Amino acid sequence: MAGTVGGPPGICPTLLYADAKAAIRQLTEAFGFTELSVYEGEDGTVMHAELAQANGVVMLGSKGRGGVFDAAMKDAGTAGVYVVVDDVDAHHRRAVEHGAEILMPPTDQDYGSRDYMARDVEGNVWSFGTYAPVLGG
């Protein structure tokens, strides 16, 4: 079953970018994602990409590539995505070193998490922290 321990993730945020290649560079270099796959059209447009962070995956592609999803996302705004990381301060340092726009520095939250917030090259807000929801149980 998707989303179970050791299985594929059950939820995959999906984002479209005007410059998907720049987004992939930032997400891998500044935010530590691992590139799983990138499929390009003949003109170099990113048709579909998958990037991993721990046991989660974000899917992305280029705006204007055509298709139902592209049309549905045409007027969509930016998105916010939360990613669980082990060492928030080290993750934050990496993001700063790569020039990421930091919206909130590492902060201890009342609910026990330590997290920070950054904006990607096209305005999406990424939060990285130690809070990890528990499934099941």
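Two rings of Phe, Tyr or Trp form a pair if their centres lie within 6.5 Å, with the six-membered ring used for Trp. In this predicted model, such ring pairs join F31, F33, Y116, W126 and F128 into a cluster.

**Aromatic pairs**

By this rule, five aromatic pairs are counted. Two of them are set out below.

| Ring pair | Centre distance | Angle between planes | Class |
|---|---|---|---|
| Y111 and Y131 | 6.0 Å | 90° | edge-to-face |
| W126 and F128 | 6.4 Å | 15° | stacked |

Planes over 60 degrees apart count as edge-to-face, and the planes of Y111 and Y131 stand at 90°, so this pair falls in that class. The pair links distant parts of the chain: Y111 lies in the loop between β6 (101-108) and β7 (114-119), Y131 lies in the segment after β8, and the two are 20 residues apart. With a relative accessibility of 54%, Y111 counts as exposed. Y131 has a relative accessible area of 43% and is therefore partly exposed.

For W126 and F128, the planes make an angle of 15°, so the pair is stacked. Both W126 and F128 are buried, and both belong to the cluster named above.

Strands β2 and β3 (residues 46-53) run antiparallel and are joined by six bridges. Within this pairing, E35 stands opposite L51 in β3.

The loop between β3 and β4 contains A54. This residue is not a glycine, yet A54 has a positive phi of about 55°. The relative accessibility of A54 is 68%, and A54 therefore counts as exposed.

**Strands β5 and β8**

Strand β5 (residues 80-84) runs parallel to β8 (residues 125-129), and five bridges join the two. G80 stands opposite V125 in β8. In a regular strand, side chains alternate between the two faces of the sheet. In β5, V81 and V83 make up the covered face, whereas G80, Y82 and V84 make up the uncovered one.

Conventions
Residues are numbered from 1 along each chain as its sequence is written. This is a predicted model: local features need pLDDT of at least 70, side-chain atom pairs count only at pLDDT 80 or more; totals for chains, interfaces and linings use all residues. Side-chain values use heavy atoms; hydrogens and water are left out. Two strands pair if DSSP finds at least two bridges between them. Helices (H or I, at least four residues) and strands (E, at least two) are DSSP runs, numbered from the N terminus. Buried means under 20% relative accessible area, exposed over 50%, partly exposed in between (1.4 Å probe, protein chains only). Rings of Phe, Tyr and Trp (its six-membered ring) pair if their centres lie within 6.5 Å; planes under 30 degrees apart count as stacked, over 60 as edge-to-face and the rest as tilted.
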